[in-house]
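Please take a moment with the sequence and the model shown below, and then follow the text from one part of the structure to the next.

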Amino acid sequence: MTTTLSSTSPADADHPTPFTGTPELGQPGQVDAHDVCAWFGGRLVLETVDLVMEKSKVTALIGPSGCGKSTFLRIINRMHEVVPGAQLAGSVKLDGVDIYGPGQRAMETRRHIGMVFQKPNPFPAMTIAENVLAGLKFSRVSPADKDDLIEESLTKGGLWNEVKDRLGELGGALSGGQQQRLCIARSLAVKPRVLLMDEPCSALDPTSTLRIEQTIKEIASEVTVVIVTHNMQQAQRVSDYCAFFLAEENQPGRVIEAGKTGTIFGSPTDQRTFDYVNGQFG
Amino acid sequence: MTIDLKPSPARADRDVPAPLTLTRDYSTPDRIYRAGVRISGGGVFLLLVVIGIFLAWSGYPAFQQAGWKFFTRSGFQTLGAHPTFGVLASIVGTVEVAFVAMIVGAPVAIATALFLSEYAPLKTRRSLIAMIDLAAAIPSIIFGLWAVFELQPNVVGFSTWLSHHLAFIPFFKVVSPPLNASIFIAGLVVGIMIVPIVASICREVFSLAPAGEREAALALGASRWQMIRTVVLPFGRGGMVGAVMLGLGRALEETIAVSIILGGSFTVTAHILQKGGSTISQLIAVNFGSGGTLGLHDLLLCGFVLFLLTLVINLAASAIVNRSRSGAGVDL
Ligand SMILES: Nc1ncnc2c1ncn2[C@@H]1O[C@H](COP(=O)(O)OP(=O)(O)O)[C@@H](O)[C@H]1O
Ligand SMILES: [Mg+2]
């Protein structure tokens with residue numbers, strides 16, 4: 001089942017499409033972060049992070065809390081700048097184009113790089129179907145076949161079977177795990193190139209967690225996934241690559257080690273990584 | 001040791017037990033608290049009823065004198081052998097002033113609140129909020145004086161322009177100039193007066209819109225305005241209606257500023273741009289103590305009418321307040 005997106009807005013013609021050189025929506029993208037630093041209210045919390053998030057792969061960001069994983073994730077889709085007093089430095093490239101370059105608009109970037117938050121945040125007074133379509137409405141794109149897109153997105157989110165008979169019910173009426181899967185479906189409906197997930201399962205029951213892990217594996221072929229997780233087993237189960245963040249006492253967060261998930265967990269080169277993945281601290 | 005697990009028999013041969021009646025057992029502090037809350041809550045309600053009864057009771061002699069004509073006549077002529085008085089022009093004037101005030105004040109207040117909560121730079125935001133709160137405390141007599149000496153001379157030109165270009169709307173038609181001391185100008189002052197308090201409440205409500213839902217909208221590629229329309233406004237709808245109704249209450253009862261502007265002629269008119277008109281509270285304030293015993297009864301009866309008017313509007317408002325959550329009724 002394919003869904004073609006047709007743009008109804010003439011606005012697209014007015015300004016140049018920022019990400020040239022990419023064929024279509026729905027193609028996985030590669031993210032190159034270089035020299036990324038972040039401040040909150042003048043305090044440096046993240047220092048010179050270099051990280052490549054490979055196309056079509058799942059990259060897990062692990063590390064103790066407070067080491068800047070969420071901050072880094074939010075820098076990738078320009079959500080960091082929403083926080084008052086937040087600053088950043090460095091560059092983040094999506095398929096070679098710096099999303100912080102001149103003329104790049106945050107709104108546009110966020111359409112290509114979706115995000116799922118730690119706390120499920122569907123629009124509670126919109127129906128399930130409306131929630132799925134919300135992102136498209138924001139970009140004034142109307143899908144060729146709405147019902148198809150709703151089914152496709154909810155199926156990818158692993159929620160379709162549970163809600164197919166009650167698409168008109170409110171998003172706020174679902175359970176926490178279902179809400180989170182609705183949020184995933186909502187993010188996927190706009191066909192992002194990258195999906196960022198910030199501890200998406202930390203508030204969920206084991207069954208919902210498994211469903212979401214399944215979803216991540218299934219969607220990896222069409223969207224690059226970057227996931228923050230505190231669950232070591234989860235990182236091993238779902239990710240291809242892994243980056244270990246650490247903020248030592250009174251220090252900003254840094255990437256200590258990054259590489260293939262098997263290597264990070266099996267034979268890390270840094271002692272601190274070894275200690276963390278083996279549950280010695282954090 | 002074995003545990004013998006018997007499967008429970010099928011539903012059919014078991015009776016469904018009746019629902020339990022749960023008794024609440026409150027602790028002493030809890031009881032005292034509940035009693036206190038009930039007394040003060042009930043007290044406010046009682047006060048409302050007592051005021052209503054008092055007004056109706058003391059206004060009744062005037063109603064005996066005038067009968068239902070009280071509601072179809074206008075004027076305050078209570079002395080002499082053939083008194084004629086009535087509240088019609090004042091009711092119409094009150095509603096017109098309040099209407100103009102809301103048309104002018106509510107959108108400005110809501111826009112101000114949105115600016116303060118969503119757009120104002122963080123550094124200036126605090127001082128702007130303090131200024132708005134301060135403006136809410138300016139006495140209405142100050143507004144009245146300012147309106148007479150500053151606003152009115154400048155607005156008459158605008159009134160003239162309206163009467164020339166929008167005369168096809170009955171409200172803006174002028175049959176007899178001049179255009180000062182009009183319902184329109186009185187409504188304008190009241191509209192300006194209510195902006196700070198309505199804006200202040202709306203800002204408070206908007207700032208409570210859930211951060212998670214705001215971020216959800218932004219992360220989906222919403223513009224700031226789309227985020228506001230999807231999350232902030234639907235969430236704040238109930239509070240917004242409440243704030244506007246509070247402003248409307250003030251607009252209905254505003255006395256001093258209106259009395260200073262309006263000359264107090266008892267003509268029922270839809271032509272709000274031209275001189276003349278009266279409101280209930282203005283009628284009471286201007287004529288208090290000047291109409292003898294009957295005059296006093298008349299004014300108290302007018303007070304009762306204003307009381308009912310406010311009550312009805314507030315009840316209507318509370319019926320409107322519902323479904324205030326993100327995404328409610330949004331059609332992007
Ligand atoms: N909104 C904020 N304002 C100020 N400081 C913040 C804010 N968000 C995060 N921080 C600080 O930034 C650092 C990194 O936080 P975060 O990225 O949330 O860590 P993680 O997701 O790894 O737990 C922490 O020291 C935290 O206190
Ligand atoms: Mg975090």
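How much area do chain B and chain A bury between them, and what percentage of it is on carbon and sulfur atoms? In this predicted model, the two chains bury about 2000 Å² between them, and 66% of that area is on carbon and sulfur atoms. A value of this kind is a usual way to describe such a contact, because the size of an interface is often given as the accessible area lost when the parts come together. Counted in residues, the contact takes 24 from chain A and 20 from chain B.

Within this interface, the count of salt bridges between chain B and chain A is 1. The partners are Arg74(A) and Glu215(B), whose closest N and O atoms are 2.7 Å apart. On the side of chain B that touches chain A, the elements that give two or more residues are α6, which covers residues 211–219, and α7, which covers residues 224–253. Of the elements on that side, α6(B) gives the most, with 7 residues. Sorted by class, the residues on this side of chain B divide into 10 nonpolar, 7 polar and 3 charged.

We can now turn to the ligand. Which residues surround ligand 1? The shell is made up of Phe40(A), Arg43(A), Val45(A), Ser65(A), Gly66(A), Cys67(A), Gly68(A), Lys69(A), Ser70(A), Thr71(A) and Val83(A). By class, this shell has 4 nonpolar, 5 polar and 2 charged residues.

A backbone N or O atom of Gly66(A) lies 2.7 Å from an oxygen atom of ligand 1, while an N or O atom in the side chain of Lys69(A) is 2.9 Å from an oxygen atom of the ligand. For Thr71(A), the distance from a side-chain N or O atom to an oxygen atom of ligand 1 is 2.5 Å. Taken alone, ligand 1 exposes 560 Å², of which the protein buries 63%. The elements that give two or more residues to the shell are β3 (43–53) and α2 (69–76) of chain A, and the largest share, 3 residues, comes from α2(A).

Technical notes
Residues are numbered from 1 along each chain as its sequence is written. Chains are lettered from A and ligands numbered from 1 in the order in which they are written. This is a predicted model: local features need pLDDT of at least 70, side-chain atom pairs count only at pLDDT 80 or more; totals for chains, interfaces and linings use all residues. Side-chain values use heavy atoms; hydrogens and water are left out. Contact means heavy atoms within 4.5 Å. Buried area is the accessible area (1.4 Å probe) that two parts lose on being put together, summed over both. A salt bridge is a side-chain nitrogen of Lys or Arg within 4 Å of a carboxyl oxygen of Asp or Glu. Helices (H or I, at least four residues) and strands (E, at least two) are DSSP runs, numbered from the N terminus. Ala, Val, Leu, Ile, Met, Phe, Trp, Tyr, Cys and Pro count as nonpolar, Asp, Glu, Lys and Arg as charged, and the others, Gly among them, as polar. A residue is near a molecule or strand if one of its heavy atoms lies within 4 Å of it. A polar contact is a pair of N or O atoms within 3.5 Å; within protein, one must be able to donate a hydrogen and the other to accept it, and residues adjacent in sequence count only if both atoms are side-chain atoms. Accessible areas come from the Shrake-Rupley method with a 1.4 Å probe; for residues, only the protein chains shown count as cover.
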